[in-house]
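The sequence and structure are shown first.

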Amino acid sequence: MASITTRPRLYWQLQLVSWSLYGLFGGVLVTIFGRFSVYIIPVEVFVTVTLIGLSHLLRQYVRRHGWVRLPVLALLPRLLGAHLLIAILSQVIIGLLVMLLFSLLPHPPRGSMPWTQYLGYALNTFFVMWLWSTIYFGLHYLDNYKQADIDKWKLAAAVQEAEMRGLKAQINPHFMFNGLNNIRALVLENPARARDMITHLSDLLRYSIQLNSTEKVPLARELEIVRHYLELEALQLEERLHYTLAVDPAAHEVLIPPMTLQQLVENAIKHGIAPRPGGGEIHLSAQLDAEGQHLLVTVRNTGRYQPVPGYEGVGLRNARERLQLLFGPAASLRLSNDADPADTVLAELRLPSTSLTTALPRVPALTTAFDEHPAG
Amino acid sequence: MNILLVDDSRLARTELRHLLQAFPDVNIVGEARHAEEARAQIQALQPELLLLDIHMPGANGFELLASLETAPQVIFTTAYDEYALQAFEVNALDYLLKPVQEARLAAALAKARAQLAGPGTVEASPLPEEPASAPLSAQDQVFVKDGDRCWFVRLADIRLFEINGSYTRIHFEGHRPLIPRTLQQLESRLDPKVFFRANRQQIINLKCIANIEPWFSNSLRITLSDGQEVEVSRQQSVRFRELLSL
């Protein structure tokens, strides 16, 4: 995408043109208000080159430390320091260069510049650097604003697409019809369990139909769905499926995109357990990291991860896209083969921990209302 | 009608058993949970009809059929399959979507019953012969999968078997798919009254011969019903003449 942030040519054009103009303007001012001398030309060249160099160093620093993403109040003191430093440093460098030039000349000009003059120049540079930063950050904010707008539209489009694909992509029809068929037999064999299974299936269906109206759900709710899903798969796979869910209660409130864990577990069954006549195991664990900043979910299952180059399953790609749109680079989803124990596929999901209770003041009524199953 | 149920889900098999109770002529001889078990059961129980799930752990239903020397009558059962079933040619196939409707099941069984009562049963000798060494009759069918397309092909419909590496290309109707068997393997199992080894590369169906003409140095050239020409080697031409003069 063409944005200022990723257009180095524009940056260099602006740098060269504006600092050259600045040097030229300085020369003109001296000529008008002072007295023209040929030495003004090399001195103004020094000024231009030094300021291009120093402002470029500032830009490198800004980029490395991600100042563009800082809030204005955090950015201003940092810029104040940086501009002061550049103002002083630039005059020291220019002064040294001028001294070096004069010492090389056979007939150095008479009379030296008083140090107060450098103070004036430093002050001037200080203000010009504020102008530089205003333009630099201004363009970036403009870009980010545009980017945020685009992201918002993309997310809306993705949600819409998911809605359109509806049940088809979210709940695998093969799974659903097998489930119904199994329940049909279970009605004869164990009517009470059959009734439970119908409840599991209906909650799963309701969730997948309603999910697109909300972008994120608390982990605890998603886990309920994963349990429904596993119960239904256990009907099909019976003794071939063993699973455990180990979830830290502290992570229950963390918000995640709906169907994400369900999809990881579905993948584990579809590619790991179901193809094996002997079946296998699934172990899901979820906890917060040491600082409580990130939610870590791991799904381990029997199987081998053999990605086809250039091809990623629809479910996995969909989950990655949604994570990317909702959390940006802060979220990640990785699949790999785990050596211990052998023949294990490991899926690791990491995303920043946000919850309703941190976003809003803790109102118990609100959270219970959210956790309650929608009736009818 | 002896039926073998092949499905990885126990409940799905229970469900089929329940549905099949309504048909007194149906005798469920066994159940299998996956292709390997099914292969052994088919060998041991010689069912006339398979109710076969497509998705199973290990080999799927198609792979199971392709690995069998002859395919029994098959009714596929599947929960949802947009693609696999579209690929099918209509011949000798029926399929049921799970959960199965009683009426659809009755229709599929009627179709299978009609097939089994057809010409095939006359020749399928119920003698207690060693099953592995009994020659295949012309009414036996093989399951052929070539890329996305599948067929049940009666041997009588195959005009020509042609060597192709360790595979064999079969010619029937307008199709020429490969089957994963060597010509030697096939020759030893085919009925010698119907199929004749014309040369090192080809076996022809004697019932599909359109024309025979003498060729160089006492050999013969045979034209099959589709116009394909096959040269009979000198040695085999002698045997061919003997066969015809009988």
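This is a predicted model: local features need pLDDT of at least 70, side-chain atom pairs count only at pLDDT 80 or more; totals for chains, interfaces and linings use all residues.

Chain A contains 11 helices and seven strands. Of its 376 residues, 40% are buried. The chain exposes about 21,200 Å², and 66% of this area is supplied by carbon and sulfur atoms.

The contacts in chain A can also be described by sequence separation. Among those between residues at least 6 apart in sequence, 75% join residues at least 24 apart.

## Packing of helices H5 and H7 in chain A

Helix H5 of chain A spans residues 173-189 and packs against helix H7 of chain A, residues 219-237, with the axes 9 Å apart. The angle between the two is about 65°. Because angles of 65 to 115 degrees count as roughly perpendicular, H5(A) and H7(A) are assigned to that class. Their crossing is left-handed.

On the H5(A) side, the residues that meet H7(A) are Phe175(A), Asn178(A), Asn182(A), Ile183(A) and Leu186(A). Their counterparts in H7(A) are Tyr229(A), Leu232(A), Glu233(A), Leu235(A) and Gln236(A).

## Backbone geometry in the loops of chain B

Most residues other than glycine have a negative phi, and most peptide bonds are trans.

The peptide bond joining Lys98(B) and Pro99(B) is cis, with omega at about -5°. Pro99(B) is located in the loop that runs between strand S5 (94-97) and helix H5 (102-117) of chain B.

Gln46(B) has a positive phi, near 45°. This residue belongs to the loop between helix H2 (35-45) and strand S3 (49-53) of chain B. With a relative accessible area of 47%, Gln46(B) is partly exposed.

Glu173(B) likewise has a positive phi, in this case near 40°. The loop holding Glu173(B) lies between strand S9 (167-172) and strand S10 (178-179) of chain B. Its relative accessibility is 53%, and since exposed means over 50%, Glu173(B) counts as exposed.

Methods
Residues are numbered from 1 along each chain as its sequence is written. Chains are lettered from A and ligands numbered from 1 in the order in which they are written. Side-chain values use heavy atoms; hydrogens and water are left out. Helices (H or I, at least four residues) and strands (E, at least two) are DSSP runs, numbered from the N terminus. Buried means under 20% relative accessible area, exposed over 50%, partly exposed in between (1.4 Å probe, protein chains only). Contact means heavy atoms within 4.5 Å. Accessible areas come from the Shrake-Rupley method with a 1.4 Å probe; for residues, only the protein chains shown count as cover. Axes are lines fitted to C-alpha atoms, for helices over the stretch in contact, and angles run from 0 to 180 degrees between N-to-C directions. Angles under 35 degrees count as roughly parallel, over 145 as roughly antiparallel, 65 to 115 as roughly perpendicular and the rest as oblique. A crossing is left-handed if the near helix is turned anticlockwise from the far one by less than a right angle, and right-handed if clockwise.
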